[in-house]
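Subject: Structure handover

Hello,

Here is the structure I promised you. Please open it and keep it beside you while you read the notes below.

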Amino acid sequence: MISNSAIKLAVIGGSGFDDFETLENTKIINLETPYGLAAPMVIGQLEGDVLLFMPRHGSGQRMPPHMINYRANLWALKEQRVQRILAVNAVGSMRDIMAPGRLVLPNQLVDYTQGREHTFFTGCDAGLEYIDFTEPYDRDWRNTVLRIASRHKFSLVEDGVYACTQGPRLETAAEIQRLIKDGCDLVGMTGMPEAALARELQLPYAALAVVVNWAAGLNATPITVETVYRQLEVSIAEVKRLIGAVISGLNN
């Protein structure tokens with residue numbers, strides 16, 4: 001029997017990571033929240049350590065980035081009493097040090113999305129609170145991940161600025177040049193409002209960015225679904241090994 005009070009880590013899976021097949025003794029939870037139905041959650045054991053896994057797009061990648069019910073997802077994780085979140089995001093890169101295949105633990109973000117339900121504080125009965133979002137990713141939690149990764153010889157790029165765009169289309173070359181001028185290093189579609197909602201719920205949150213392609217206009221090779229998922233297949237295997245080291249490190 002797995003107790004929810006023992007869930008030290010929740011992993012949110014992104015593109016190419018909608019299944020954690022190595023989890024054992026699994027239990028699937030479908031939770032209706034005040035904000036609608038959350039993505040399915042799987043509670044299981046990874047080499048004996050309890051882990052909660054949530055594929056943010058739903059099972060089988062059904063939900064596009066701009067239509068994900070981020071509020072329901074984060075509320076559900078809070079309801080399950082998880083202690084911290086590691087969110088996995090597939091991204092494009094705008095910096096040589098973050099070439100396809102690299103894993104990055106960003107420390108900042110810029111939000112370019114629009115029209116998403118981005119807060120639990122909607123006034124009236126929901127109240128209103130101005131959260132400090134100076135550092136969008138929890139510093140202590142990031143440092144813990146970095147420390148465990150270093151101990152186990154994983155190669156992580158420690159910092160980076162994540163640009164969150166609306167999707168589901170990819171960016172134009174001109175848009176990427178704008179992001180570069182804005183100081184961004186990575187571009188993805190699911191980092192917000194997820195990070196801000198986690199902060200509102202006081203859930204320590206860090207993002208693990210998986211670089212799958214060069215951003216538009218930075219490489220002569222066209223961006224194709226086939227090349228992205230080919231890279232994801234290799235990188236997600238490394239991500240799962242890192243998650244195993246992290247959950248083990250939290251319990252020892």
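First, a definition: helices are DSSP runs of H or I with at least four residues, numbered from the N terminus. That lets us place a residue by its helix. Just after α1, arginine 81 takes a positive phi of about 60°. Keep in mind that this is a predicted model.

**Overall build**

The protein has 5 helices and 13 strands. Its radius of gyration is 17 Å, close to the 18 Å that the globule rule gives for 252 residues, so the protein is as compact as a globular protein of that length. The C-alpha trace spans about 55 × 45 × 35 Å along the principal axes. Of the 252 residues, 52% are buried. Now take the contacts with a separation of 6 or more: 80% of them join residues 24 or more positions apart. The accessible surface comes to about 11900 Å². Carbon and sulfur atoms hold 49% of that surface.

**Helix α1**

Is α1 enclosed or open? In α1, 7 of the 10 residues are buried, so this helix is largely enclosed by the rest of the structure. The buried ones are Tyr70, Arg71, Ala72, Asn73, Leu74, Ala76 and Leu77.

**Two buried residues**

Look at arginine 56. This residue is in the loop between β6 (49–55) and α1 (70–79). Is arginine 56 buried or exposed? The cut-off for buried is under 20% relative accessible area. Arginine 56 has 1% relative accessibility, so it counts as buried. Leaving out residues up to four places away in sequence, arginine 56 touches Ile12, Gly13, Gly14, Ala39, Ile68, Asn73, Ala87, Val88, Asn89, Thr190 and Glu194. Asn73 is also one of the buried residues of α1.

Next, glycine 92. This glycine lies in strand β7. Its relative accessibility is 5%, so glycine 92 counts as buried. Which residues does glycine 92 touch, not counting those up to four places away in sequence? They are Asp185, Leu186, Val187 and Asn213. Glycine 92 and asparagine 143 are 51 residues apart in sequence. In space they are 24 Å apart, C-alpha to C-alpha.

Most residues other than glycine have a negative phi, and most peptide bonds are trans. Here are some places to check against that.

- The peptide bond from glycine 167 to proline 168 is cis, with omega near 0°. Proline 168 sits in the loop between β11 (161–164) and α3 (173–181).
- The bond from methionine 192 to proline 193 is also a cis peptide bond, with omega near 10°. Proline 193 is in the loop between β12 (186–188) and α4 (194–200).
- Lysine 153 is not a glycine, yet its phi is positive, near 65°. You will find lysine 153 in the loop between α2 (139–151) and β10 (156–157). With 73% relative accessibility, lysine 153 counts as exposed.
- Glutamine 202 has a positive phi of about 60°, though it is not a glycine. Its place is the loop between α4 and β13 (205–214). Glutamine 202 is exposed, at a relative accessible area of 66%.

How much space lies in the largest pocket? About 600 Å³. It is lined by 30 residues, and the closest to its centre are Ser15, Pro168, Leu170, Met189 and Val228. β7 (85–93), β12, β13 and α5 (225–250) each supply at least two lining residues. By class, the lining has 18 nonpolar, 10 polar and 2 charged residues.

The second largest pocket has a volume of about 250 Å³. Among its lining residues are Glu21, Glu24, Leu46, Lys240 and Arg241. Which element gives the most to this lining? α5 does, with 6 residues. The classes here are 3 nonpolar, 3 polar and 6 charged residues.

**Where to start**

Begin with arginine 56 and its list of contacts.

Best wishes

Definitions and conventions
Residues numbered from 1 in each chain as written. Predicted model: local features only at pLDDT ≥ 70, side-chain atom pairs only at ≥ 80, totals over all residues. Heavy atoms only, no water. Buried < 20%, exposed > 50% of the residue type's maximum accessible area, 1.4 Å probe, protein only. 1 Å grid on protein atoms, 1.4 Å probe; cavity = no way out; pocket = protein on both sides within 12 Å on 5 of 7 lines; lining within 4 Å. Points joined across faces, edges and corners; volume = space filled by probe spheres on them. Nonpolar A, V, L, I, M, F, W, Y, C, P; charged D, E, K, R; others polar. Contact = heavy atoms within 4.5 Å. Rg over C-alpha atoms; globule rule 2.2 N^0.38 Å. Areas by Shrake-Rupley, 256 points an atom, 1.4 Å probe, with all protein chains shown as cover.
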